[in-house]
Structure formats: C-alpha cells, structure tokens
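Colleague: I am new to this structure and would like to know what the terms rest on. Could we go through it together?

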Amino acid sequence: MINNPSHPKKGHLKTKECKFTKAGIEYIDFKDTDTLLRFINDQGKILPRRVTGNSARHQRQFSTAVKRARFMAMIPYVTENLR
Amino acid sequence: MNKEFYELTYILNPVLDDEKFKELVDYVNKLIEDNGGDIVEVDEWGTRQLAYPIEKKNSGYYVNLYFEAPKTAIEPLERNMRINDDIMRYLTLKYDAKMKRHYELKKKGDLPVIFDDVEENDNSDED
C-alpha cells in the first residue's frame, strides 16, 4: 500500500474530487478488493473523507463495502505493523 | 410470489477434497431451489488466502453465487448454512436496482474505471 503511487496520503491527489462520482459508480462492490485497498491505510483503517475527497454518499457505501469485505476475510481488520 | 435478486458468498472449510466441495455447492444450490429459488450464476473462486485466521485456518474455499428467490427462502437457507460445520462464513445481500445495474454492467464487462494509468502520469510529471 505504501508503494502505491495513487495512494491518497502520498500527496499525489491534489484535486479534491470524489473518484467514485467521477467514474460514475453506483454501487461499491465488496468483492472488488483492489479498489477498496486504495482507500485504506497500512494498518487497514478506512481513510477519512478529508484525505480521499470522497463524496458523503460514496464514503458511506465504501465503508459498508469495507466492513463486508472484512467479514468475509478478504481484507484484514487490523494489520500488525511489520517493523 | 414476488422474487428478489440475491447475492450469496460463502467460505468452505479448506481441508476437504474437491469431491466434498462439489457436494457442498450442490447442497447449497439445492437448498435454494427447494425453497422456491432459481440459481442465476455460480462462481467458484477456489481456495484463497484469508486475511486473518478463521477457526484456526489460514485459507478457505470461496463460492460466490447469484440467485432469485422469494423473501421467505432466506431464513431456512441461512439456518441450514449456520448449522453446517463445513461452511465457515456466509454473506447474503439483497440487490436493489442500483446494485443490479452494477451487476449487469460487470457481466458485460464495461464497469467504469476508477483509476486509469496513474503510473504513466507520474512519469510524465518528472521532466
């Protein structure tokens, strides 16, 4: 995740606009792990809206999707900090 | 009776063999059909690494399926899945209009792309 060039916390995203709205996404699928990982930090925490620029509606959908994916063991609840 | 569109994902115990997996998938499909449902699509993802151990196991056999069924079918289905020890997790979702549209798009293969060629942009900025 830290090597991810599009990671929102790397300061790469200057434009504060919702990626989901821009792409015209209607439903965020919990099975789409690659997308979910883009908006999650190294510990597996959901990034805040002020960092990612998600719209309120999509942030809500996204957080449900993350929680579903966590339940199905597709993404971790917590990641041990590998030092 | 009015039928709803559902998605069901479940994880099977990975220590079983292929024959037993097939048996269990058939068992779940039969459960749905016995309760008045129709299977639309079954997708077996196969054995995958789990993000965290469940019942002391580090991998699981994922099955994802779509079906149409009346509302009354869900309760007996989930009860039977809960009782079965070889099914470690299951998740049933009822699809609304938006989710269904998303599903149709995904099937056709033209889902909107969220991240397009981010790395290429990075290189061009360096000059």
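Colleague: What makes residues of chain B count as in contact with chain A?

Modeller: Two residues are in contact if their C-beta atoms, placed from the backbone, lie within 7 Å. By that rule 20 residues of chain B are in contact with 20 residues of chain A. On the chain B side, strands S1 (3-12), S2 (38-54) and S4 (87-94) and helices H3 (97-108) and H4 (118-125) each supply at least two residues. Helices (H or I, at least four residues) and strands (E, at least two) are DSSP runs, numbered from the N terminus.

Colleague: How many residues of each class does that side have?

Modeller: Twelve are nonpolar, three polar and five charged. Ala, Val, Leu, Ile, Met, Phe, Trp, Tyr, Cys and Pro count as nonpolar, Asp, Glu, Lys and Arg as charged, and the others, Gly among them, as polar.

Colleague: What kind of model is this, and how are its parts labelled?

Modeller: This is a predicted model, in which local features need pLDDT of at least 70, side-chain atom pairs count only at pLDDT 80 or more, and totals for chains, interfaces and linings use all residues. Residues are numbered from 1 along each chain as its sequence is written, while chains are lettered from A and ligands numbered from 1 in the order in which they are written.

Colleague: What is the mean pLDDT of chain A?

Modeller: The average is 82, and 78% of the residues score at least 70; pLDDT is the predictor's confidence in each residue, from 0 to 100.

Colleague: Why is a set of residues called a nonpolar core?

Modeller: The name is used because its members are buried Ala, Val, Leu, Ile, Met, Phe, Trp, Tyr and Cys residues joined through C-beta atoms within 7 Å. Buried means that 20 or more other C-beta atoms lie within 10 Å of a residue's own. The largest such core has 31 residues, and A:Leu36, A:Ala65, A:Val66, A:Ala69 and B:Ile11 have the most contacts inside it. Helix H4 (56-71) of chain A, together with S1, helix H1 (18-34) and strand S3 (57-70) of chain B, each supply at least two of its residues.

Colleague: Which residues does A:Ala65 touch?

Modeller: Leaving out residues up to four places away in sequence, A:Ala65 touches A:Ile28, A:Asp29, A:Phe30 and A:Leu36.

Colleague: How many helices and strands does each chain have?

Modeller: Chain A has four helices and zero strands. Chain B has four helices and four strands, in the order β-α-β-β-α-β-α-α from the N terminus.

Notes: A residue is buried if 20 or more other C-beta atoms lie within 10 Å of its own, exposed if 12 or fewer, and partly exposed in between; C-beta atoms are placed from the backbone.
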